[in-house]
Amino acid sequence: VFPLPGMLRRALHASARCWKKSPHNTKGKSAPEQRWIARQINDPYVKAARRESYRCRSAFKLLEIDDQHRILRPGLRVIDCGAAPGAWSQVAVERVNSSGADPGLPAGFVVGVDLLRLAPLDGAHFLSPCDVTDAATPARLQELLPASVADVILSDMAPNASGFRELDHERLVGMCLSLVDMAEGVLRPGGTLLCKVWDGGLAHQLHKKLAQAFKEVRTIKPKASRKESAELFFLAKSYKDK
């Protein structure tokens, strides 16, 4: 069991001291919508994200994974796929020092890609709207990246929900498989890929393809992931030299 990062631990403890709240102004909302609003109001990670000025709660998933597995370091070049609203890019900027906030450390580079437009972020370059799965995207990334390669590819992207779990799972696996293909053009040998996937029948196909391209692949379920969520993260390290 790994300890929670100090900042996150303090933020969650502060949130836990608050009484559980009930949603207001839910007139006209459906029962699922009311449950979602109530969950958001009482989610300690949502509260912590607001307190720490992260754009959404998912920042704590990456913080937790990075604290345990050390995939982000000052000076590294990072691609954040499915970056909107930008919380993972915020974490990456902090961890690789791409804004130059600490002049005593190497300055990294962060580029985020998403179909949605992203608000500007100091220390990050955004390609938006831009489709990660488009065949022209690797070339656009190479133009931006120092030495035309990345050290780390991050992905918290997901397709728009169709309402059919198996279809959404299949679409997300397909998106992640496209990242492995993209890595061939933009990821340096020895590099790292971290991607979100929803557990299901096709997850093994993605795991198999990652294992062919990387020397080490592990499955992670961070504490910041909701217990009822089917999401998992595949962490693939040491990209093989072609």
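**View 1. Leu193 and its partner across the strands.** Leu193 has Ala236 of β7 as its bridge partner. Strands here are DSSP runs of E with at least two residues, and helices are runs of H or I with at least four, all numbered from the N terminus. This is a predicted model, where local features need pLDDT of at least 70 and side-chain atom pairs count only at pLDDT 80 or more, while totals for chains, interfaces and linings use all residues. Residues are numbered from 1 along each chain as its sequence is written.

View 2. β5 (residues 187–198) runs antiparallel to β7, and 6 bridges join the two; two strands count as paired if DSSP finds at least two bridges between them. Look for Trp198, which stands opposite Glu231 in β7. In β7 (residues 231–239), 8 of the 9 residues are buried, so the strand is largely enclosed by the rest of the structure. Buried means under 20% relative accessible area, exposed over 50%, and partly exposed in between (1.4 Å probe, protein chains only).

**View 3. The whole sheet.** Its 7 strands form an open sheet in the order β3-β2-β1-β4-β5-β7-β6, with mixed pairing. β3 and β6 sit at the edges with a single partner strand each, so one side of each has no neighbour in the sheet.

**View 4. The buried side of α6.** In helix α6 (residues 137–144), the buried residues are Thr137, Pro138 and Leu141. They span an arc of only 100 degrees around the axis, which puts them on the same side of α6; the arc is that of the directions from the helix axis to the C-beta atoms.

Note on methods
Heavy atoms only, no water.
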